[in-house]
Amino acid sequence: MYFESHAHYDDEQFQQDRQTLLQCLPQCGIDFVINSGSDLKSSYIGKELSEQYDYIYFAAGVHPHELYDINENVIQQIRQLAEHKKCVAIGEIGLDYHYDTFPREIQKYWFEKQLLLSKSLHIPVIIHSREASQDCFDIIKKSGVEKGVIHCYSGSLEMAEEYVKMGFLIGIGGVLTFPNAKKLVEVAKKISLEHILIETDSPYLSPVPNRGKRNDSRNLEFIVKKLAEIKGGSPTDVANATLENGKKLFF
């Protein structure tokens, strides 16, 4: 029923109960999970998880907060990971100007490198964009990449519409349930369901009523219910539509 388009089950927060939790997901209606990489280590763990569980796939990439040791050799290792049969995307990659952990020009350089890698491999990208909306959009457009998802979307409705025109999907997670999520609610209302993916970003950004607790894919139901409320449809229809969207993009 549910397609979890973005989770981090490699995270240390799952160290104590990872196996128990992952084993129960299919019983909770989770049909597919994309474990998104943030650096080489997490990408390799995602690969290992995908080999252990039929319903888990992975993305390989370096997050803009994790550029500490990146070099051309790392890019080649990502390329090798991407050739694995269960690697479905390059990600998560992008720009983050909230903390400016690395200089913006450095972020842009390695973002462009990984976009070009995805283009050469003909696989989607999973995009992280925080307080860098215009630069992120401009770099993606210039790259010619036309397949992917803007994870945890936080931009304007107008930009979301432009991304959709480019062929991208809009990733919506627990933030949609927050009381101050007016801009995202507008995006969810106006963007057609065929262009939306659901995600948890586990272990982060738990939706209401579990806000503040460790997140996992079982909370997708709360995101789906809120999205259905906004769209004026049924949760089942939303779950099924986003399931098909995920399969179409990644498989």
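These legends describe close-up views of a predicted model. Local features need pLDDT of at least 70 and side-chain atom pairs count only at pLDDT 80 or more, while totals for chains, interfaces and linings use all residues. Residues are numbered from 1 along each chain as its sequence is written, and side-chain values use heavy atoms, with hydrogens and water left out.

**View 1**
Helix α5 spans residues 133-143. Helices (H or I, at least four residues) and strands (E, at least two) are DSSP runs, numbered from the N terminus. Cys-136, Phe-137, Ile-139, Ile-140 and Ser-143 of α5 are buried. Buried means under 20% relative accessible area, exposed means over 50%, and partly exposed lies in between (1.4 Å probe, protein chains only). Seen down the axis of α5, the buried residues fall within an arc of 165°, so they line one face of the helix. The arc is taken from the directions from the helix axis to the C-beta atoms. Lys-141 and Lys-142 are exposed on the face turned away from the buried side. The cover over the buried residues includes β4 (87-96), α4 (104-121), β5 (125-130), β6 (148-150), α6 (157-166) and β7 (168-172).

**View 1. Ile-140 and the nonpolar cores.**
The largest nonpolar core has 72 residues. Such a core is a set of buried Ala, Val, Leu, Ile, Met, Phe, Trp, Tyr and Cys residues joined through side-chain atoms within 4.5 Å. Ile-127, Ile-140 and Tyr-163 touch the most other members. Ile-140 touches Phe-111, Leu-115, Ile-127, Val-145, Ile-150, Tyr-163, Met-166 and Phe-168, leaving out residues up to four places away in sequence. Contact means heavy atoms within 4.5 Å. Another core, of 14 residues, lies apart from the largest one. Its members include Phe-3, Ala-59, Val-88 and Leu-169.

**View 2. Phe-3 and Phe-250, an aromatic pair.**
The model has 12 aromatic pairs. Rings of Phe, Tyr and Trp (its six-membered ring) pair if their centres lie within 6.5 Å; planes under 30 degrees apart count as stacked, over 60 as edge-to-face and the rest as tilted. Phe-3 and Phe-250 are stacked, at 6.0 Å centre to centre with 10° between the planes. Phe-3 lies in strand β1 (residues 2-7) and Phe-250 in helix α9 (residues 235-250), so the pair ties together parts that are 247 residues apart in sequence. Phe-3 is buried, at 1% relative accessible area. Phe-250 is also buried, at 7%. One aromatic cluster is formed by Phe-3, Phe-32, Tyr-57, Phe-250 and Phe-251.

**View 3. Charges over tyrosine rings.**
The charged end of Lys-86 sits over the ring of Tyr-57, 4.5 Å from its centre. A charge sits over a ring if NZ of Lys or CZ of Arg is within 6 Å of the ring centre and within 35 degrees of the ring normal. Arg-104 lies over the face of Tyr-97, at 4.0 Å from the ring centre.

Helix α7 covers residues 182-190, with Leu-184, Val-187 and Ala-188 buried. Down the axis of α7, these buried residues fall within an arc of 95°, so they line one face of the helix. Lys-182, Lys-189 and Lys-190 are exposed on the other side. The buried residues of α7 are covered by elements including α6, β7, β8 and α8. Leu-227 is found in helix α8. Leu-227 is buried, at 0% relative accessibility. Its contacts, leaving aside neighbours within four places in sequence, are Leu-176, Ala-188, Leu-193, Ile-196, Ile-198 and Val-238. The C-alpha atoms of Leu-227 and Leu-176 are separated by 7.8 Å, with the two residues 51 apart along the chain.

**View 4. Asn-219 in its loop.**
Asn-219 sits in the loop between β8 (196-198) and α8 (220-231). Asn-219 is buried, at 7% relative accessibility. Its side chain makes a polar contact with the side chain of Asn-210 (2.9 Å). A polar contact is a pair of N or O atoms within 3.5 Å; within protein, one must be able to donate a hydrogen and the other to accept it, and residues adjacent in sequence count only if both atoms are side-chain atoms. Beyond neighbours within four places in sequence, Asn-219 is in contact with Ser-206, Pro-207, Asn-210 and Arg-214.
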